[in-house]
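Visitor: I am new to this structure. Could you walk me through the words used to describe it?

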Amino acid sequence: MSKASLVSNNKNNIDLVLSPIKTQTLLTEVNIHELIENSEYSNLFVDNGNIKNAIAELNSVLKPLQDNQPGREITYQVLERRDAKITISIEKDNMSASAEISTALGGQHMSAKAILNAAQAANVSKGFSKEQLIHLAKQAAKEPAGSIVRGEIAHGKLPIDGKDSRIKMLVESAQDRILKPKKREDGSVDMRDLGDIICVKVGDPLAKKIPLTEGIQGYTVTGEILEPTPGEDIEMLVGEGTSLSPKNNSILVSTKVGLPRIIQNGMEVDSVYQMKNVDISTGHVKFEGSVIIDGDVCEGMKVFATGDISIGGFVESATLDAGGDITIGTGIIGKKQEVESLDVSEVIMSVNINAGGRVFAKYSQYAEITCESLRIENQMMHNIINVDKTLWVGSEEKANGKLIAGHIRVGESVRAGTVGATAGSMTVITFEDKVNDYLKQINNIDALIKIESDKTTELRVAANKLKSLPKEKANSEMLAKVMSTYQHHARNMGAQLLEKELLEKTLQTYMTSVFVEANEKLYHGVQVTIGEFNDRTRREYGPTRITYKERKIHIDPIVST
């Protein structure tokens with residue numbers, strides 16, 4: 001049988017050397033592969049083509065020989081030392097780059113430096129991680145020869161957008177004072193002791209504008225700089241009784257002695273009127289500024305203020321009207337009314353509260369409250385509520401209070417721990433007001449569209465008549481004027497149709513954004529109306545969210561994540 005051996009050549013590769021001897025047993029490609037597999041060169045690249053060529057030439061040499069007669073030696077390079085190879089790929093968004101390494105076949109392994117050089121040659125210039133490069137190089141050196149190892153070698157960085165400018169308040173408002181009653185030595189709080197009145201002097205700093213930030217640039221792995229979106233700027237509002245500091249126009253200072261009141265993006269300083277109680281002995285209160293009442297507002301009394309009203313105690317069957325916020329340290333108590341059994345428009349509550357801003361109280365019963373946003377901390381029962389934005393029943397951190405019965409008109413959302421009552425008293429929640437406002441606007445546009453449509457129809461008829469006149473009676477100047485007027489009204493109608501379409505989309509977006517949320521329990525007898533759609537609960541539910549979608553009110557469980 002012919003002999004086969006593997007011999008190093010001057011290229012540091014391996015030759016297959018065949019010594020032909022003609023016998024009955026032939027040397028095959030399988031024998032050569034077994035020889036390689038059992039040799040010290042098994043991790044080198046195998047040139048299968050040269051193995052085939054060597055066996056073919058061996059058979060050609062053996063063919064004319066006599067039995068046991070040797071033939072000329074045959075040599076082919078069949079094993080090659082190959083260094084590790086690398087391919088760099090960059091994602092379409094240029095935010096990451098990866099390396100694919102074909103591990104070494106008896107040759108040089110890929111070093112971290114070599115990976116870096118290959119990446120840089122492929123236009124990767126930023127976002128490298130030294131640790132990742134070293135880890136990938138080590139991993140490729142450990143893997144079997146000729147295997148594929150992949151890994152990320154560079155990662156881009158998204159820009160960090162700037163922060164909007166904001167207003168930082170430097171003094172507390174009267175509402176803060178009411179909501180933070182003085183602590184006793186035993187740790188309890190004294191709702192009657194609200195501490196000293198918060199009063200500012202001329203020149204006292206009230207608020208500071210924190211400037212916007214430009215953000216931080218990002219980059220792609222190819223070195224492209226990604227610019228951040230700068231924060232938006234707001235102007236600090238210089239309210240009544242305030243001015244910008246002559247030393248620093250980012251600071252708002254007081255120009256008079258009075259009570260600081262937070263407004264949108266700024267502060268005002270109100271004249272302040274402070275008293276212990278409002279009762280028959282004091283009479284009604286009407287004040288241009290803010291009113292602070294350490295105690296109660298008693299039955300039948302009225303308090304009017306252009307600023308805030310802050311009350312440390314109760315409001316009992318009284319009237320409050322404020323241009324700003326109304327903060328009540330304890331509760332609101334009105335006389336019992338059959339709120340659910342009557343037309344709500346005919347009900348006259350003994351407590352009437354109206355605020356241009358927010359209203360806060362610990363609890364409320366049998367009261368009519370109108371404001372921008374309302375938070376009742378513990379419980380509200382049998383109230384008539386008109387809230388432009390949100391109703392929140394619960395602590396500041398979590399809506400965990402009780403909303404029991406009554407009529408609620410709200411603009412954005414209602415959140416409470418429990419909504420409704422076991423007794424089955426009706427709790428009516430409606431989002432009709434804003435829907436009706438949108439529908440009114442749409443109806444007004446429909447009326448304008450009809451006017452423009454009638455005019456265009458009339459002008460089209462006139463134009464057709466002019467076009468049909470004989471040449472001798474044709475008036476091209478009149479026709480041009482009619483057509484110009486027709487096009488003007490057609491454009492107007494097109495603009496109104498577009499405005500109507502946008503309003504209808506806005507209405508649908510609004511209707512799908514409002515919701516009622518009961519974080520603990522929703523009882524039967526809760527009616528929710530969103531536009532012309534309404535539904536009423538007929539059983540008890542666990543944590544529940546009520547929304548509108550696809551022309552239907554949906555009552556769905558709140559799923560904890």
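**Terms and values**

Guide: Asp-296 is buried, at a relative accessible area of 17%. This is a predicted model, where local features need pLDDT of at least 70, side-chain atom pairs count only at pLDDT 80 or more, and totals for chains, interfaces and linings use all residues. Residues are numbered from 1 along each chain as its sequence is written, and side-chain values use heavy atoms, with hydrogens and water left out.

Visitor: Why is Asp-296 called buried?

Guide: Buried means under 20% relative accessible area, exposed over 50%, and partly exposed in between (1.4 Å probe, protein chains only). Asp-296 has 17%, so Asp-296 counts as buried.

Visitor: Where does Asp-296 lie?

Guide: In the loop between strand S23 (290–293) and strand S24 (302–305). Strands are DSSP runs (E, at least two residues), numbered from the N terminus.

Visitor: What makes Asp-296 and Phe-314 a polar contact?

Guide: A polar atom of the Asp-296 side chain lies 2.7 Å from the backbone nitrogen of Phe-314. A polar contact is a pair of N or O atoms within 3.5 Å; within protein, one must be able to donate a hydrogen and the other to accept it, and residues adjacent in sequence count only if both atoms are side-chain atoms.

Visitor: Is Ser-254 buried or exposed?

Guide: Buried, because its relative accessibility is 2%. Ser-254 belongs to strand S18 (residues 251–254). A polar atom of the Ser-254 side chain is 2.5 Å from the backbone oxygen of Lys-256.

Visitor: Which residues does Ser-254 touch?

Guide: Leaving out residues up to four places away in sequence, they include Val-200, Asp-204, Gly-241 and Val-269. Contact means heavy atoms within 4.5 Å.

Visitor: How do you know that S19 and strand S20 pair?

Guide: Two strands pair if DSSP finds at least two bridges between them. Five bridges join S19 to strand S20 (residues 266–270), and the two run antiparallel.

Visitor: What is the order of the open sheet of three strands?

Guide: S16-S20-S19, with mixed pairing. Strand S16 (237–238) and strand S19 (259–263) are at the edges because each has a single partner strand, so one side of each lacks a neighbour in the sheet.

Visitor: Why is Cys-298 called partly exposed?

Guide: Cys-298 has 28% relative accessibility, so Cys-298 counts as partly exposed. Cys-371 is buried, because its relative accessible area is 5%.

Notes: Helices (H or I, at least four residues) and strands (E, at least two) are DSSP runs, numbered from the N terminus.
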